[in-house]
Amino acid sequence: MKSFRIVLAAIALAASTTLSVQAEVSVGKPAPEFTATGSDGKSYKLADYKGKFVVLQWYNRDCPFIVKHYQGGNMQALQEKYGKQGVVWFEINSSAEGKEGYFNAADSQKIRKEVKSKSLATLLDPSGEIGRLYKAKTTPHMFIIDPQGTLVYDGAIDDHPTPYAEDIPKSKNYVSAALDEALAGKMIAKAKTRPYGCGVKYN
């Protein structure tokens, strides 16, 4: 009976911990900390980038909405533009092994070179731990974290939820607008939007 009570207490503690972590994932609150391995084999810890703006961009190479923003170089242009302004940009692949978009480290590195990614690194998250921590729903789901470690943007890349590249020029880019405002020391006018794209391929 005693061991049964201990098990129940452990389950209750785990549940409360999970709920508290999930409750933290909202604009205006501290961004959840994580450590991840990049496709380059290096370890990346979010806490190491305090003092900088950080963009987290969920990624699945095979998703048509990702293709939309990469084929014509739109995403890479954003990565490069803001990288030059000191913004740290991570692509995060949370596709589980055996699911669409999953690639091992070596293949992920090849893909980075093929698409000419300008992000600092592609973080591999096949367990979905980081994706679930941030409640990432789609590729691309975009998050911006400020230099104090606060989540300041959560949502879509722009206001045209289509897989068509021809829509990019007439779109309002929410991420670009949010970064421009934040870098200028202004309040972000639209800090929360509805993400669009392919569902993240969790286990």
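Predicted model: local features only at pLDDT ≥ 70, side-chain atom pairs only at ≥ 80, totals over all residues.
1. **The buried side of helix 4.** Start with helix 4, residues 105-115. Which of its residues are buried? They are Ser108, Ile111 and Arg112. These residues lie on the same side of helix 4, because they cover an arc of only 105° around the axis. An α-helix has 3.6 residues a turn, so residues three or four places apart point the same way.

2. What do the buried residues of helix 4 pack against? Their partners are strand 4 (88-93) and strand 5 (121-124).

3. **The two ends of helix 4.** Look at the start of helix 4. There, Asn104 has a side-chain oxygen within 3.3 Å of the backbone nitrogen of Ala106. After helix 4 comes Lys116. The phi of Lys116 is positive, near 60°.

4. Glu91 lies in strand 4 and Arg112 in helix 4, so the pair ties together parts that are 21 residues apart in sequence. Are the two residues buried or exposed? Both Glu91 and Arg112 are buried.

5. Lys50 lies in the loop between strand 2 and strand 3, and Glu33 in the loop between helix 1 (2-24) and strand 1 (35-38), so the pair ties together parts 17 residues apart in sequence. Lys50 is partly exposed, with a relative accessible area of 47%. Glu33 is also partly exposed, at 42%. Another salt bridge joins Lys201 and Glu100, whose closest N and O atoms are 4.0 Å apart. Lys201 is in the segment after strand 9 (198-199) and Glu100 in the loop between strand 4 and helix 4, so this pair ties together parts 101 residues apart in sequence. Lys201 is partly exposed at 25%. Glu100 is partly exposed at 36%.

6. The model has 8 aromatic pairs. One of these is Tyr44 with Phe90, and it is edge-to-face. The ring centres are 5.6 Å apart, with 70° between the planes. Tyr44 is in strand 2 (residues 43-45) and Phe90 in strand 4, so the pair ties together parts that are 46 residues apart in sequence. Both residues are buried.

7. **A second aromatic pair.** Tyr59 and Tyr70 have ring centres 5.2 Å apart and planes at 65°, so this pair is edge-to-face. Where do the two residues lie? Tyr59 is in the loop between strand 3 (54-58) and helix 2 (64-71), and Tyr70 is in helix 2. They are 11 residues apart. Both Tyr59 and Tyr70 are buried.

8. **An aromatic cluster.** Which residues do ring pairs link into a cluster? They are Phe34, Trp58, Tyr134 and Phe143. Find these four rings in the structure above.

Technical notes. Residues numbered from 1 in each chain as written. Heavy atoms only, no water. Buried < 20%, exposed > 50% of the residue type's maximum accessible area, 1.4 Å probe, protein only. Helix = DSSP H or I, 4+ residues; strand = E, 2+ residues; numbered from the N terminus. Arc of directions from axis to C-beta. Contact = heavy atoms within 4.5 Å. Polar contact = N/O pair within 3.5 Å; in protein donor to acceptor, adjacent residues only side chain to side chain. Phe/Tyr/Trp six-rings, centres within 6.5 Å; stacked < 30°, edge-to-face > 60°. Salt bridge = Lys/Arg side-chain N within 4 Å of Asp/Glu carboxyl O.
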